[in-house]
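Hello,

Here is the structure you were waiting for. Please open it alongside this note; what I found follows below.

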Amino acid sequence: MAKSKKKTSNPELHKVSNTKLKFKNVIATKLTKLLRVHKQDLLELIQIPKSHEHGQFTLPIPRLLKLTNDQDQDRVCKDIIFSFGQDTHIKQVTAQGHFLNFSVNQTEYIKETLQNVYEERERYGQTERADKTVLIDFSSPNIAKPFHAGHLRSTILGAFIKRIYEANGYTCIGLNYLGDWGKQYGLLAVGYKKYGNPEELKKDPIKHLYDIYVKINQEMKEESEKIEQEAAAYFKKMEDKDPEVIQQWKEFRDQSIQSYEKAYKRLGIKFDHFSGESETEKYIPQVYEALKQKGLCDESEDGSMVINLSMYDPSLGKAVIRKANGASLYLTRDIASVIMRCEKFKGLDKIIYVVGIEQEHHFKQLFKIIELLWDKHDHCPELIHVPFGRITGMSTRKGTSVFLSDILDTSKESMLKTIKEDMRHGKYMDILNEGISVGNHIIKGEEAVGYIADTLGISDVITQDMAAKRMRNYNFVWDRMMDAKGDTGVFLQYTYARICGIERKMDINISIDCDFSLLAETEAFELTRTISLYPDKVRAAFKTLEPCTIVLYLFKLAHMISQVNYNLRIKDVDPKLAQARLLLFWAAKTTLANGMRLVGLKPLERM
């Protein structure tokens, strides 16, 4: 395998702003000097207490004493409490049972947090560049087949993983690896010859090709032998690169990609590359040769090529990589794709496959083969399978086959029905007349209403999917998803739009030149504390690749915003107080928007 060159480092570094971490550092730094222990050990001990009554940070005393080799608990606690007597960041330290509790100077904590958000804005929560590159393989539908629930989950989850890696400093390559090769295309071509319509193909290629695929499969029941022979003969022409056959296949593929891109655009997803099994064909001979040179494969009695992986791990069994008739398999093409990607994208650090749990065994076999195949002195990217559970109940209300556009259209129609009912009661008049901003344009009237309905519908599709742990199976329920009263995408959008509305009505500039001591209420501090947790949530979601970490945080933040907005007025109060409170709500709104974009939602300023 060819060696890959590592990327040169990017000089642009961005230091993450994290109030919680800063205050932990203040505590750890002072204790390091006092107790003469390692700062990192202390940072790992400092926790967030379950109850707010115990302050904002806590230290388990027995574990602290182990670090100090000092068993005089009373003296150690007294020394610590005394050392924090005049600290500007920590207001009070108290010993309670087996814990030392630290209460922060709330004004200082609020000031630090709001200044961080003000300075970072849409970058708040992101970390410095990692100088690493990751390729994320996600969505990967099969041309001429429905865009089923697994592909929807892979699409939404894969896009999230791409964004969370970018938020943590990685250079990301989003790749859509299409199922665009194999015996199905011989069968599809036979069907197209009988039932194909160029106009229908141009109008909706995915649906038309699928309709043909269904018809020819039905016909197979009556004339299976004849049609199989025709399909095999056609696919042989594909493998032999017959110009006319390849031209037609290319037309099917290109038009299908164009169709998919329209739906992906609605989701706000853009792939850096569309690839497919077809592109691995020229690498297949290289795979066979490399396996033979390594002595990894055997030829079975029927002539197929097999790798016995059970000698390395009994659960992996035997992997067939070439059929008796010489045809490659899906596994063969996946091996070839790794070689192809390392050749095309130099210096990859990771390749992530976002594919359902049912493919777990396949990827274990693939990763083991690559490990055995790769020379130790050559750079090989880390291969990661990110699995997810199954969805049930994914069908249109008409019960027909589901394409991505069907899912998005159904969600839009449901929201549009709700919006038009609200319009009968006089709502949405400002949007109809004034319009909303979309990119660099203002759209008004029915176009604006349609855009809002589409955005809300997509928000609910994404949020319902991401609210649970990705390995959990769940039932896709249209009515529950569209419930504006629950923890849904609509609720997040409403909360964001409501704060935007308050800002529009107030003739006050957002500024950090305000009196933070005026934010003295408990509600103001608790909202600030929730805002300050966002960078940690981003980091936690990055480590586990669990979007529910962000979604559940956003629900908590949105509820907190609603409660505080109810109690802390901005209108008709002292201008200095109004300015401080508006900055607080702006910071909360900005954090909410950052999290919404991270999971794939487009925040609406009006709805």
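**What the model shows**

Glu219 lies in helix H9, residues 205-220. Helices (H or I, at least four residues) and strands (E, at least two) are DSSP runs, numbered from the N terminus. This is a predicted model, where local features need pLDDT of at least 70, side-chain atom pairs count only at pLDDT 80 or more, and totals for chains, interfaces and linings use all residues. Residues are numbered from 1 along each chain as its sequence is written, and side-chain values use heavy atoms, with hydrogens and water left out.

Is Glu219 buried or exposed? Glu219 counts as buried, because its relative accessibility is 12%. Buried means under 20% relative accessible area, exposed over 50%, and partly exposed in between (1.4 Å probe, protein chains only). Leaving out residues up to four places away in sequence, Glu219 touches Lys194, Tyr195 and Ile227. Contact means heavy atoms within 4.5 Å.

A UniProt annotation, from an unreviewed entry, marks residues 210-237 as "coiled-coil region". UniProt positions are given in the numbering used here, feature names are shortened, and annotations may be inferred rather than shown by experiment. In the model, residues 210-237 are 89% helix and 0% strand. The end C-alpha atoms of that stretch are 22 Å apart.

Next, the parallel sheet. Its 5 strands form an open sheet in the order S6-S5-S4-S10-S11. Two strands pair if DSSP finds at least two bridges between them. Strand S6 (273-276) and strand S11 (382-386) are the edge strands, each pairing on one side only. Neighbouring strands here are turned by 25° against each other on average, direction ignored. Axes are lines fitted to C-alpha atoms, for helices over the stretch in contact, and angles run from 0 to 180 degrees between N-to-C directions.

Strand S10 (residues 350-354) pairs with S11 in the parallel sense over 5 bridges. Tyr353 stands opposite His385 in S11. Two helices to look at here: helix H13 (residues 330-344) packs on the sheet and touches S4, S5, S6 and S10, its direction making about 145° with that of S5. Helix H14 (residues 360-373) also packs on the sheet, touching S10 and S11, at about 180° to the direction of S11.

Last, the antiparallel sheet. This open sheet of 3 strands has the order S7-S8-S9. Strands S7 (297-299) and S9 (318-322) stand at the edges with a single partner strand each, so one side of each is left without a neighbour in the sheet. S7 and S8 (residues 305-308) are joined by 3 bridges. Cys297 has Ile307 in S8 as its bridge partner.

Best wishes
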